[in-house]
Amino acid sequence: MALLKIARMGNPVLRTRAAEVADPTAPWVRRLVADMIETMADAGGTGIAAPQVHAPHRIVVFEVGGERITDVPGDGEQELTVLINPVVEPVGDERVLGWEGCLSVPGLRGVVPRYLRVRYRGVGLDGETIAREAAGFHARVVQHECDHLDGILYPQRITDHRMLGFVEELQRHPLDVAELLAGTEVA
Ligand code: NI
């Protein structure tokens, strides 16, 4: 296993559509995933997508810890999940705002609109299909990670860029999202 170098915003690998994995059970996939998990844990991330480690393949890894889940029904802890060739679709059209960061956009946080509920399916390392519905933070993580496979970073999803900032500044000057949005249409 090895720690991999994380690509940062501006690197072309992060704006390229990643390729389908022909054989999810291939040994190289298992090795790459092991390194992605090690890299994610070392960097303190909750998810990572293969393009973030310069591997342009449709593979994501994520976990949802109990401290991050919302009170939205259907949100919940998720053990470490490996999804290969994932497909995500919204359930309903309700969107919600929430904070996101990204290992490829270090030092920043932003408030991003995402679908409240999604269903997703993909294949695990054993070649078995994984199909789930997700809500709240779980749904947000999946949308964020799978966006990476289509070359999309969270700042591209932000609709109000007043809600993007450096973590250090936001800690010193907490952002009142409700106040900022007063009188603003949220799309
Ligand atoms: Ni990310």
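Predicted model: local features only at pLDDT ≥ 70, side-chain atom pairs only at ≥ 80, totals over all residues.

Trainee: How many helices and strands does the protein have?

Mentor: Four helices and eight strands. Those are DSSP runs, numbered from the N terminus: helices are H or I with at least four residues, strands are E with at least two. From the N terminus on, the order is α-β-β-β-β-β-β-β-α-β-α-α.

Trainee: And what box do the C-alpha atoms fill?

Mentor: Roughly 55 × 35 × 30 Å, taken along the principal axes. Buried residues make up 45% of the 187. Buried means under 20% relative accessible area, exposed over 50%, partly exposed in between (1.4 Å probe, protein chains only).

Trainee: On to the sheets. What is the strand order in the five-stranded one?

Mentor: β1-β2-β3-β6-β7, an open sheet with antiparallel pairing. Two strands pair if DSSP finds at least two bridges between them. β1 (47-49) and β7 (129-135) stand at the edges with a single partner strand each, so one side of each has no neighbour in the sheet. The twist averages 40° from one strand to the next. Axes here are lines fitted to C-alpha atoms, for helices over the stretch in contact, and angles run from 0 to 180 degrees between N-to-C directions.

Trainee: How many bridges join β6 to β7?

Mentor: Seven, and the two strands run antiparallel. They form a hairpin with five residues between them. Gly127 in that turn has a positive phi of about 85°. Across the pair, Arg119 stands opposite Glu133 in β7.

Trainee: What about β3 and β6, how many bridges there?

Mentor: Five, again in the antiparallel sense, between β3 (residues 78-90) and β6 (residues 117-123). Val88 has Tyr120 of β6 as its bridge partner.

Trainee: Which strands does α2 touch in this sheet?

Mentor: Helix α2 (residues 136-149) touches β1, β2, β3, β6 and β7, and its direction makes about 160° with that of β2. Contact means heavy atoms within 4.5 Å. Helix α1 (residues 27-43) lies across β1, β2 (59-64) and β3, at about 40° to β2.

Trainee: Back to Tyr120. Which residue forms an aromatic pair with it?

Mentor: Phe62, edge-to-face, at 6.1 Å centre to centre and 80° between the planes. The rule: rings of Phe, Tyr and Trp (its six-membered ring) pair if their centres lie within 6.5 Å; planes under 30 degrees apart count as stacked, over 60 as edge-to-face, the rest as tilted. Phe62 lies in β2 and Tyr120 in β6, so the pair ties together parts 58 residues apart in sequence. Both Phe62 and Tyr120 are buried.

Trainee: Now the metal. Which residues are the protein donors of the nickel ion?

Mentor: Cys102 (SG), His144 (NE2) and His148 (NE2), lying 2.1 to 2.3 Å from it. Donors are N, O and S atoms within 2.8 Å of the metal (3.2 Å for Na, K and Ca); water is not among the atoms, so sites may look incomplete. The spacing in sequence is C-x41-H-x3-H. Cys102 sits in the loop between β4 (95-100) and β5 (108-115), and His144 in helix α2, 42 residues apart.

Trainee: Is Cys102 buried or exposed?

Mentor: Buried, with a relative accessible area of 8%. His144 also counts as buried, at 7%.

Trainee: And the other sheet, what order does it have?

Mentor: β4-β5-β8, open, with antiparallel pairing. β4 and β8 (164-166) are its edge strands. β4 and β5 pair over six bridges, and Val96 stands opposite Arg114 in β5. Helix α2 packs on this sheet too, touching β4 and β5.

Trainee: Last one: where is His54?

Mentor: In the loop between β1 and β2. Its phi is positive, about 65°, although His54 is not a glycine. Most residues other than glycine have a negative phi. His54 counts as partly exposed, at 37% relative accessibility.

Definitions and conventions. Residues numbered from 1 in each chain as written. Heavy atoms only, no water.
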